[in-house]
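Here is a short report for a first look at this structure. Keep the sequence and the 3D view side by side while reading.

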Amino acid sequence: MQLRKATRKKAKIRLGLSAVSGGGKTYSAIQIAKGLTGDLSKVAVIDTENGSADLYAHLGDYNVLPLTAPFTPERYIEAIRSCEKAGMEVIVVDSISHEWDGKGGCLEIVEQLGGKYQDWAKVTPRHQAFLDAIIHSSAHIITTVRRKQDYEMTKDNNGKVKVEKGGLKEITREGFEYELTINLEMDTNHNATASKDRTGLFMNKPAFVPSEKTGETIAQWCEQGEEQFDVIKPGSDWYQKVDNCVTHKELVELYHKNKTEIDANPLLQQLIANRRNQINGKTLSAA
């Protein structure tokens with residue numbers, strides 16, 4: 001444990017786009033991705049939206065990885081890892097809503113287990129492994145999420161219960177936006193405003209239509225720092241060693257064989273922790 005001065009390091013963006021159907025999430029995500037990398041051949045769209053990513057093929061030569069049901073956390077993780085191994089610089093996950101409320105998603109898994117509160121003890125680690133795959137990816141990540149009308153139960157002055165509209169709610173587990181660097185909410189006119197922004201680029205600024213220029217602006221912010229974004233990339237020796245472990249026993253054996261090196265490297269510790277979460281998910285899925 002060592003105290004040090006805060007330093008601004010080069011970073012990989014974690015950007016969220018949320019909107020109702022027709023709000024322009026997919027189109028905007030591809031445009032921003034193009035600005036981020038300058039080369040659409042280095043962009044992959046994980047498409048859960050029935051081929052919607054292919055509708056914008058005229059924008060350039062980006063890659064599409066179709067993802068169909070069941071939308072388990074593990075299948076999302078597998079898709080993200082496939083994109084990383086292919087050398088993608090920007091991964092668009094379009095959308096994450098299915099991982100939560102789709103066929104085979106977390107809500108359905110809990111229901112199949114019995115729908116009891118204690119069943120979340122089995123499903124939450126699987127959802128957390130999905131979040132870890134996004135947070136610790138070696139690529140820029142753009143996630144899209146659906147929004148729907150939310151309703152609230154209230155009582156009037158006579159004590160009668162009535163239902164009122166309570167705004168728009170993202171279809172994913174509450175708190176997801178706290179994992180992001182930037183979260184942009186889009187309206188039906190494709191205008192975006194920031195609900196969260198660690199960069200300071202968009203918070204409390206007028207609404208705007210996301211574009212390639214938006215991606216370029218974010219890329220400039222990511223490049224301002226003292227060090228390169230530090231990550232153990234797919235294909236590296238350590239990444240492969242950890243990826244080859246399919247049981248807790250194998251992870252423990254790997255740790256004991258390399259204890260000194262792992263204890264001195266937080267990145268290796270995080271890589272092993274992520275793999276442990278993935279194995280937990282696979283084990284629970286088979287149960």
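Are Phe202 and Phe208 buried or exposed? Both Phe202 and Phe208 are buried. Buried means under 20% relative accessible area, exposed means over 50%, and partly exposed is in between (1.4 Å probe, protein chains only).

**Basis of the model**

This is a predicted model: local features need pLDDT of at least 70, side-chain atom pairs count only at pLDDT 80 or more, and totals for chains, interfaces and linings use all residues. Residues are numbered from 1 along each chain as its sequence is written, and side-chain values use heavy atoms, with hydrogens and water left out. The pLDDT is the predictor's confidence in each residue, from 0 to 100. Its mean over the chain is 85, and 84% of the residues reach 70 or more. Over residues 283-287 the pLDDT is below 50. Beyond near neighbours in sequence, that stretch has three contacts in the model. A contact means heavy atoms within 4.5 Å.

**Overall build**

The chain has 10 helices and eight strands. Helices (H or I, at least four residues) and strands (E, at least two) are DSSP runs, numbered from the N terminus. Of the 287 residues in the chain, 45% are buried. Take the contacts with a separation of 6 or more: residues 24 or more positions apart account for 61% of them.

**The cores**

A nonpolar core is a set of buried Ala, Val, Leu, Ile, Met, Phe, Trp, Tyr and Cys residues joined through side-chain atoms within 4.5 Å. The largest one has 29 residues. Ile13, Leu15, Leu36, Ile142, Leu184 and Ile218 have the most contacts inside it. Elements giving two or more residues to this core include β1 (14-19), β2 (43-47), β4 (90-94) and α6 (212-223). The most comes from α1, with five residues.

Leu36 deserves a look. Leaving aside neighbours within four places in sequence, Leu36 is in contact with Ile13, Val90, His140, Ile142, Gly215, Glu216, Ile218 and Ala219.

Helix α2 covers residues 73-85. Its 13 residues should span 18 Å at 1.5 Å a residue, and the end C-alpha atoms are 18 Å apart, which agrees. The expected span is 1.5 Å times one less than the number of residues. Buried residues in α2 include Pro73, Ile77, Ile80 and Cys83. Arg81 is also in α2, and is buried with a relative accessible area of 15%. Not counting residues up to four places away in sequence, Arg81 touches Tyr239, Asp243 and Gln278. Just after α2, Gly87 takes a positive phi of about 85 degrees.

**Rings**

How many aromatic pairs does a search of the whole structure find? The search finds four. Rings of Phe, Tyr and Trp (its six-membered ring) pair if their centres lie within 6.5 Å; planes under 30 degrees apart count as stacked, over 60 as edge-to-face and the rest as tilted.

| Pair | Type | Centre to centre | Angle between planes |
|---|---|---|---|
| Tyr76 and Phe130 | edge-to-face | 5.3 Å | 70 degrees |
| Phe202 and Phe208 | stacked | 5.2 Å | 20 degrees |

Tyr76 lies in helix α2 and Phe130 in helix α5 (residues 120-135), so their pair ties together parts that are 54 residues apart in sequence. Tyr76 is buried, at 0% relative accessible area. Phe130 is buried, also at 0%.

**Backbone exceptions**

Most residues other than glycine have a negative phi, and most peptide bonds are trans. The bond from Ala69 to Pro70 is cis, with omega near 5 degrees. Pro70 sits in the loop between β3 (63-66) and α2. The bond from Asp94 to Ser95 is cis as well, with omega near 5 degrees. Ser95 is in the loop between β4 and α3 (97-101).

Asn50 is not a glycine, yet has a positive phi of about 55 degrees. Asn50 belongs to the loop between β2 and β3, and counts as exposed at 81% relative accessibility. His190 is not a glycine either, and has a positive phi of about 70 degrees. His190 is in the loop between β7 and β8, and counts as partly exposed at 33% relative accessibility.
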